[in-house]
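Please read them with the coordinates open.

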Amino acid sequence: MSTGYEAEWWRSAVIYQVYPRSFADGNGDGTGDLAGVRSRLGYLRDLGVDAIWFTPWYVSPLADGGYDVADYRAIDPQFGTLAEAEALIAEARELGIRTIVDVVPNHVSDEHPWFRAALAAGPGSPERERFWFRPGRGEGGAELPTRWVSDFQGTTWTRTTNPDGTPGEWYLHLFAPSQPDLNWDHPDVRREHEEILRFWFDRGAAGIRIDSAALLVKDPELPEVPEHPGPGEHPHVDRDALHDVYRSWRAVADSYDEPRVLVGEVWLPDTARFTRFLRPDEMHTAFNFDFMARPWDAKALRESVTTTLDAHAPVGAPATWVLSNHDVTRPVTRYGRQDSSFAFTAKRFGTPTDLVTGLRRARAAALLVAALPGALYVYQGDELGLPEVEDLPLDVIQDPMHDRSGGVDPGRDGCRVPLPWTRAGSAFGFGPDGGSAPWLPQPASWGDLSVEAQDGDPASTLSLYRRTLAARRAEPALHGGAFRWLDAVGEAAVGDDVLAFARGDGAARDDALVCVVNLGPEPVALPGGARVLLHSGDPREALDQVPTDVAVWFRP
Ligand code: NOJ
């Protein structure tokens with residue numbers, strides 16, 4: 001591996017997302033923890049990942065799964081200690097795995113000392129200036145300061161109560177009421193976050209994932225949202241002043257001998273506005289949700305790949321490819337539906353799903369994204385082909401999205417169910433045998449999807465992921481940015497239902513690697529002499545044509 005590749009490891013890295021609460025439970029209390037992750041680092045090395053992104057592990061009431069942080073410099077006791085986090089970061093690095101921590105700058109928990117101080121100090125106090133406290137409108141201040149709609153549905157303001165018991169000011173929360181938004185015009189807020197970055201970088205974190213990265217800055221006048229806001233005109237999304245924040249973070253990241261990496265969670269439909277965050281002095285990469293949200297449809301996926309690559313090229317940033325994360329419906333389930341696109345607003349109980357088709361497509365999708373230029377994200381459990389758990393008892397669902405929808409939206413807990421590691425045993429090896437039940441119940445059938453069950457089976461999804469990530473690492477053609485769509489595979493023209501592209505320099509044909517994904521009903525013939533490296537079907541079956549919903553990598 002050349003030094004250049006190593007220094008810019010994030011350009012083509014495979015980054016595995018660990019949701020600590022649900023990965024592995026070391027102490028048997030039913031909640032995943034850092035001890036559990038440390039005991040499974042060998043699994044991640046063998047899977048072939050370059051880095052782990054941990055969703056928040058900080059002290060938190062877990063009102064939003066940890067995205068409600070009460071102390072950014074301490075680990076929640078349910079997960080472990082700071083010393084364990086330090087040991088974990090070091091041990092992973094020994095195995096060649098870097099660590100990305102999740103920073104949540106838009107809001108804090110209502111149990112954060114700043115928010116408590118703000119409530120206690122009362123209206124007009126400097127403590128309140130770190131947040132967005134406002135008097136209500138109308139008589140007695142009983143009406144909301146704005147009609148902004150929360151990302152978790154409902155309103156974005158909650159009224160406080162004064163110490164004498166009278167109704168007080170309102171405070172802003174783009175998410176749940178227990179997640180008050182910070183005021184990014186306040187110097188304390190900016191200083192504090194730069195210190196948080198240094199705190200984790202000094203402990204060996206190779207980078208940060210930036211939560212809700214396009215929401216931090218608000219129009220201080222707090223106007224209503226215009227009907228059709230132009231670029232930069234929305235009062236709380238994608239404000240131009242955000243870029244100053246990330247430029248100063250980039251300076252912090254670049255001040256380390258091994259520069260640290262900024263990965264943004266940027267949900268913006270406008271790709272040109274999206275890639276502004278990836279200019280050379282801002283973030284390194286950001287999640288490509290456009291691709292993730294597309295249906296299993298060749299035209300839609302082709303368009304997304306092209307738009308993504310075209311938009312990233314001018315800023316010199318690599319694309320990222322994401323099939324899922326802890327917020328969205330698992331691919332096996334999503335791709336098994338008639339409408340296989342993803343939208344938060346469309347999630348409903350009882351949507352008909354064909355999991356056999358879904359799994360077949362999710363496996364093909366894994367090969368597709370692993371062959372595209374850029375960084376690749378794998379959400380824990382996708383390598384096992386886990387489906388979304390759609391029949392969680394209502395009383396165990398904790399996600400605020402469920403409650404705030406009035407119970408209509410199942411919420412996001414269905415993709416957060418603890419992983420099965422063994423065929424049998426209580427909690428399928430998620431925790432020690434005889435430990436407490438997992439914080440969310442696992443389906444009885446999950447022993448068959450466990451790591452143990454899939455381990456030695458060449459046809460398993462786990463084996464497919466291992467082969468794919470190993471081949472991706474070994475293939476120089478996949479490391480650079482070279483990519484071209486193919487009009488023909490061998491002599492045959494590529495139909496509308498098929499994705500076919502070549503990676504690698506292409507000057508020497510032998511070096512090129514071709515990926516074909518068949519999303520149509522008819523099989524696609526492989527050219528004579530094609531040397532198949534991998535395909536997403538059963539590896540014991542040789543391929544001379546690509547069946548429906550199968551992807552193949554071959555050398556022409
Ligand atoms: C995005 C996170 O991925 C999600 O889980 C969280 O609820 C919101 N940001 C708010 O922090």
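1. Salt bridges overall. A search of the whole structure turns up 40 salt bridges, where a salt bridge is a side-chain nitrogen of Lys or Arg within 4 Å of a carboxyl oxygen of Asp or Glu. The model is predicted: local features need pLDDT of at least 70, side-chain atom pairs count only at pLDDT 80 or more, and totals for chains, interfaces and linings use all residues. Residues are numbered from 1 along each chain as its sequence is written, and side-chain values use heavy atoms, with hydrogens and water left out.

2. Arg128 and Glu169. These side chains meet in a salt bridge at 2.7 Å, N to O. Arg128 sits in the loop between helix 5 (113-121) and strand 6 (133-134) and Glu169 in strand 8 (residues 167-172), so the pair ties together parts 41 residues apart in sequence. Helices (H or I, at least four residues) and strands (E, at least two) are DSSP runs, numbered from the N terminus. Arg128 and Glu169 are buried; the cut-offs are under 20% relative accessible area for buried, over 50% for exposed, and partly exposed in between (1.4 Å probe, protein chains only).

3. Arg330 and Asp382. Another salt bridge joins Arg330 to Asp382, with the closest N and O atoms 2.8 Å apart. Arg330 is in the loop between strand 12 and helix 11, and Asp382 in the loop between strand 13 (375-379) and helix 13 (400-404), so the pair ties together parts that are 52 residues apart in sequence. Both Arg330 and Asp382 are buried. Salt bridges that share partners also join Asp64, Asp327, Asp399, Arg412, Asp413 and Arg416 into one network.

4. His326. Which residues does His326 touch, not counting residues up to four places away in sequence? They are Gln17, Tyr19, Trp53, Thr55, Tyr67, Arg209, Tyr379, Arg412, Cys415 and Arg416, contact meaning heavy atoms within 4.5 Å. With Tyr67 there is a side-chain to side-chain polar contact of 3.3 Å. A polar contact is a pair of N or O atoms within 3.5 Å; within protein, one must be able to donate a hydrogen and the other to accept it, and residues adjacent in sequence count only if both atoms are side-chain atoms. His326 lies in the loop between strand 12 (320-322) and helix 11 (331-334) and is buried, at 1% relative accessibility.

5. The loop between strand 9 (207-210) and helix 7 (242-254). Leu222 lies in this loop and has a positive phi of about 50° although it is not a glycine; its relative accessibility of 8% counts as buried. Asp238, in the loop between strand 9 and helix 7, has a positive phi of about 55° and is not a glycine either. Asp238 is buried, at 5% relative accessible area. A salt bridge between the side chains of Asp219 and Arg239 (4.0 Å, N to O) is also found. Asp219 counts as buried at 16%, and Arg239 at 17%.

6. Domains. The domain assignment gives domain 1 (9-104 + 288-454), domain 2 (113-172) and domain 3 (482-555); such bounds come from an automatic or database assignment. The centres of domain 1 and domain 2, taken over C-alpha atoms, are 34 Å apart. Seven residues from domain 1 and seven from domain 2 take part in the contact. Between domain 1 and domain 2 the count of salt bridges is zero, while three residue pairs are in polar contact across the interface, both at pLDDT 80 or more.
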